[in-house]
Amino acid sequence: MSIVIKRKPLNFLEKIYLPEIARGLATTFRRLWGKPVTLEYPEQRPTIPEGYRGVPTLVKDPEGREKCVSCQLCEFVCPPKAIRIKPGAISEDSEFAHVEKGPQEFDIDMLRCIYCGLCQEVCPEEAIWLQNDYSLSGYSRSEMVNDKEKLYELGGTLPDLHFKWKKKQEAAAKGSGH
Amino acid sequence: MEEKKNLITVNIDGHDLEVAPGTNMVEAAAMLGKEIPHYCYHPKLSIAGNCRMCLVELGMPGRDRATGEAMLNEDGTPKIMWMPGPAIGCGTKASPGIHIKTDSPKALESREAVTEFLLVNHPLDCPICDQAGECTLQEFSSTHGRGYSRFIEEKNVKPKRTRLGPRVTLDDERCVLCSRCVRFSEEIAKDDVLGFTDRGSYTTLTCFPGKELANNYSLNTVDICPVGALTSTDFRFKMRVWFLKDSNSIDFETSVGANTVVSAREGKIYRIKPRRNDEVNDTWMTDSGRDLYKLVESEDRLTNCSIDGAEASAQDAIAKASELLKSAQGVAVVGSGLCSVEEQFALKAIAKSVEAKGVYLVARYGESDGILMSTDRNPNVRGALMTGLIDGLPEEELGDLGSKIDSGEVSTILVVKEDLVAAGLSEAQLKKITIVYLGAHKNATSGKASALLAGLTQFEKSGTVINQQFRIQKFHRVIPGPGGTIEDLYALASIQANISEDSFPSTVGSVWKQLRVGGTPLAGVSFKSLSDQGQLLDGSAFENLPFREGESLHFEPKREVVVAE
């Protein structure tokens, strides 16, 4: 069953439109000389609030050690399966050989990533962080896969001072006291 | 099974349970579905009782000292005299009337205390530990752990990367000193190389001076290690265990047929572990058998079918093979002890349709170690006997076939998985014949094949094999085969269908509908109903054959072994 809603008939002033045009232009001119409310993206960028979940990145500690030990928990938890890690042993002659394990390859497919932040939440080493970057583009699908090098370039250094693995190394150097 | 009258009644957490004498309390509780946490106890090793994790409360029915009469409660039930301190479950054997409490406050408190002590010097490096995800210390820390540490002193430092042998790496900081590996080496592998040095919290697992853990069973120590202390050098840092999907399989290395679990992720196999079967391999397997997964991606893997050396589709290659076999005058079949029962059944059908001038298998023999490596290195010779493909034991050399080629009696050979050159045929003899080859790997024979069918490895197909005890056991497909290959059974069934111009079952399940029809020793078996523990078949018809297997774990030869000259 259809309902017919009757329209209120227009009065004379409304029929000639001119007062309504003037009202519209008044709004236009008020905004023209007032303070702008939009940003001129991409020249102007918004300030990113704290806790924003942008592009996931990998970080190094202040000594330049890659914090990721390739435990693959982020790969496991990632809902869209965007993360791919190839774990491997850190070579014996490396400065960080005492950490034993690190990623050989680390790919995040940004066409799959949904910016949920579960990877950051699950990371036991505080190695993966969703940072401020939100704008991504590329000419091919493969360009949209961030490899390990790109992830560290985006991530930079995390200024934390835990040095968990260094403490282990120092304890080992000191010996067991036995 | 024990006689009913021999069973004794024990009481676990208020439930009466009848068990065989000698059953320890960890096993008895498991029968009730209750888990008593433990590290050092292993059902197939001697009891050490050194981890103290399985502490339970223990009580016996009281007896009056003066009269020796049973003490009773007011309601007439026997009065239980509980011991003041907890006792270890693994070291407590069932005795009549024994009562234990596995989840009383005292038992739980004991476990929490033990867990806290074990974690005092534990490095807590689960993110880089290969055992994470299947680690009992991790599991019991979450059920019985405190969640935070009261230990503020410095943790002990121990060697992190000790090479115990060619296949085993030790991280001593993670060790909980359960001594399972020490007992395994001594009791099962009979290669006593491991021991503890130093005392107290400095105790360290090491090899005896000048020795290393190099025996063919060394990786079992990695399996039984309840924590991540012993790790497999091959699997180290390869993949986290929670990604792996397990499939039940059988070790194709020898006629022992050890039960295995093959773990794979996304079409790639990462490791092979033993699966418990108390009638075959207990919980053990050989190190060499764990390497077999490398066959899947080996360099000599055949990844496409071909006709006269030129790449061809599987359908064309099957058509060509069928045509060659059908039109030939003298056909011989060289099957393999590496084939499943179903494939051997299909081979037999082909041999019958082409009126084969001879059906052969190639024997492989090696040194037996008396445990899980038998003399016969073919996993399924008995399958070929049971299906009637052959009626005597195979020879290592195909001398008889060679003379038939020389006399011109045989002009075409269907070869499955075997290498005729390695089996003693000369290049000149191979030149005189047409070869149809089905197999997963390249060899001298496959290179000369007129029709080459790229088959699958045992990890890419399902089927059954019959081991030295005449136990039929099934293996399941773990991963799909590479593109360009064709399932062996399907290829053989198609060839048979083309030659006989009649349908032939091409799947494992449908083959069994024909295999199980009465009269054969395989009657009553079907792939679907066969348990993963296997089923013993009646092998008495073959008792007089001179099998060469000697004594090994759970196997005694029926007749005296003929020692090869």
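Reader: Into which domains is chain B divided?
Author: This is a predicted model, and its chain B carries 13 helices and 24 strands. The C-alpha atoms of that chain fill a box of roughly 95 × 55 × 45 Å along the principal axes. The chain is divided into domain 1 (4-113), domain 2 (121-141 + 153-240) and domain 3 (306-542).

Reader: What classes of residue does domain 1 of chain B have on the side that touches domain 2 of chain B?
Author: The centres of domain 1 and domain 2 of chain B, taken over C-alpha atoms, are separated by 31 Å. Ten residues of domain 1 are in contact with twelve residues of domain 2 in chain B. By class, the domain 1 side of this contact in chain B has no charged residues, three polar and seven nonpolar.

Reader: How much of chain B is made up of buried residues?
Author: A residue is called buried here if 20 or more other C-beta atoms lie within 10 Å of its own. Of the 565 residues in chain B, the share that is buried comes to 47%.

Reader: Which strands stand at the edges of the seven-stranded open sheet in chain B, and why is one side of each left without a neighbour?
Author: The order of this sheet in chain B is E16-E15-E21-E20-E19-E17-E18, with mixed pairing. A strand at the edge has a single partner strand, so one of its sides is left without a neighbour in the sheet. In chain B this holds for strand E16 (310-311) and strand E18 (358-360).

Reader: Which residue of E18(B) does B:Ala332 stand opposite?
Author: Strand E17 (residues 331-334) of chain B pairs with E18(B) in the parallel sense, over three bridges. Within E18(B), the residue opposite B:Ala332 is B:Gly358.

Reader: At what angle does H8(B) run to E17(B)?
Author: Two helices can be followed against this sheet. Helix H7(B) packs on the sheet by touching strand E15 (306-307), E17, strand E19 (412-416), E20 and E21 of chain B, and its direction makes about 135° with that of E21(B). Helix H8(B) lies across E17, E18 and E19 of chain B, and its angle to E17(B) is about 170°.

Reader: Which elements are included in what covers the buried residues of H12(B)?
Author: The buried residues of H12(B) include B:Leu489, B:Leu492, B:Ile495 and B:Ile499, with B:Asp488 and B:Gln496 also among them. Just after the helix, B:Glu501 takes a positive phi of about 50°. The cover over the buried residues of H12(B) includes helix H7 (314-327), helix H8 (341-353), strand E20 (434-439), strand E21 (451-454) and helix H13 (508-515) of chain B.

Reader: What classes of residue does chain B have on the side that touches chain A?
Author: The contact takes 16 residues from chain A and 13 residues from chain B. By class, the chain B side has one polar, six charged and six nonpolar residues.

How values were computed:
Residues are numbered from 1 along each chain as its sequence is written. Chains are lettered from A and ligands numbered from 1 in the order in which they are written. This is a predicted model: local features need pLDDT of at least 70, side-chain atom pairs count only at pLDDT 80 or more; totals for chains, interfaces and linings use all residues. Domain bounds come from an automatic or database domain assignment. Two residues are in contact if their C-beta atoms, placed from the backbone, lie within 7 Å. Ala, Val, Leu, Ile, Met, Phe, Trp, Tyr, Cys and Pro count as nonpolar, Asp, Glu, Lys and Arg as charged, and the others, Gly among them, as polar. Helices (H or I, at least four residues) and strands (E, at least two) are DSSP runs, numbered from the N terminus. A residue is buried if 20 or more other C-beta atoms lie within 10 Å of its own, exposed if 12 or fewer, and partly exposed in between; C-beta atoms are placed from the backbone. Two strands pair if DSSP finds at least two bridges between them. Axes are lines fitted to C-alpha atoms, for helices over the stretch in contact, and angles run from 0 to 180 degrees between N-to-C directions.
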